[in-house]
Amino acid sequence: VAMRTAIRFYEKQQEDSDVALEAQREREALWKLDDQQAEEAAELDAAEERLVLGEACIADAFSMVETADDFHDELEDLAQALARQKAALEVAQERRDAWQDQASDLRHLLASA
């Protein structure tokens, strides 16, 4: 009887240890996700700054436009490049939103564990 009690005790201890280990893994996953989101947010901020700067440059360029066709073509190229940057920024923001949703789900799982 004592041996069975000891075995049950150590089995319970092992189960508790497994639960704690899983909780630690979930916390580490959340920390990693939080770090990734911080990096992505910094990248988005930098991209937004470049976008604002690009828009300001284009606005300045358009204010100095002369009728030369070559100059107009260059401005169109710049406008297209800006549009591509804007699209890339939107994709990055969607990725960030998805990461935030996933982090929220993981936090709920961790809280319920």
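Predicted model: local features only at pLDDT ≥ 70, side-chain atom pairs only at ≥ 80, totals over all residues.
**Entry 1: salt bridges**

I started with Glu55 and Lys86, whose side chains meet in a salt bridge at 3.4 Å, N to O (a side-chain nitrogen of Lys or Arg within 4 Å of a carboxyl oxygen of Asp or Glu). Glu55 sits in helix H1 and Lys86 in helix H2, so this pair ties together parts that are 31 residues apart in sequence. My helices are DSSP runs of H or I with at least four residues, numbered from the N terminus.

Residues are numbered from 1 along each chain as its sequence is written, and side-chain values use heavy atoms, with hydrogens and water left out.

Next I checked exposure (buried is under 20% relative accessible area, exposed over 50%, partly exposed in between, with a 1.4 Å probe and protein chains only). Glu55 is partly exposed at 31%, and Lys86 is partly exposed at 37%.

How many salt bridges does the structure hold? I got four.

Another one joins Arg95 and Glu40, at 3.7 Å, N to O. Arg95 lies in H2 (residues 69-112) and Glu40 in H1, so parts 55 residues apart in sequence are tied together by this pair. Arg95 is partly exposed at 48%.

I also looked at Arg25 and Glu22, which form a salt bridge at 3.9 Å, N to O. Both lie in H1 (residues 2-63), three residues apart, or about one turn of the helix. Arg25 is partly exposed at 49%, and Glu22 is partly exposed at 37%.

**Entry 2: the largest pocket**

I ran the pocket search on a 1 Å grid over the protein atoms alone; a pocket is an open set of points where a 1.4 Å probe fits, with protein on both sides within 12 Å along at least five of seven lines. The largest pocket has a volume of about 180 Å³, taken as the space filled by probe spheres set on the points.

**Entry 3: helix H1**

H1 has 62 residues and spans 90 Å from first C-alpha to last, close to the 92 Å expected (1.5 Å times one less than the number of residues). Its buried residues include Glu40, Leu44, Ala47 and Leu51. Thr5 is found in H1 and is partly exposed at 43%. From Thr5 to Asp60 I get 82 Å, C-alpha to C-alpha, over 55 residues in sequence.

**Entry 4: aromatics**

My search of the whole structure turned up one aromatic pair. Phe9 and Tyr10 are edge-to-face, 5.1 Å centre to centre with 75° between the planes (centres within 6.5 Å; under 30 degrees is stacked, over 60 edge-to-face, the rest tilted). Phe9 is partly exposed at 47%, whereas Tyr10 is exposed at 54%.

How values were computed: Helix = DSSP H or I, 4+ residues; strand = E, 2+ residues; numbered from the N terminus. 1 Å grid on protein atoms, 1.4 Å probe; cavity = no way out; pocket = protein on both sides within 12 Å on 5 of 7 lines; lining within 4 Å. Phe/Tyr/Trp six-rings, centres within 6.5 Å; stacked < 30°, edge-to-face > 60°.
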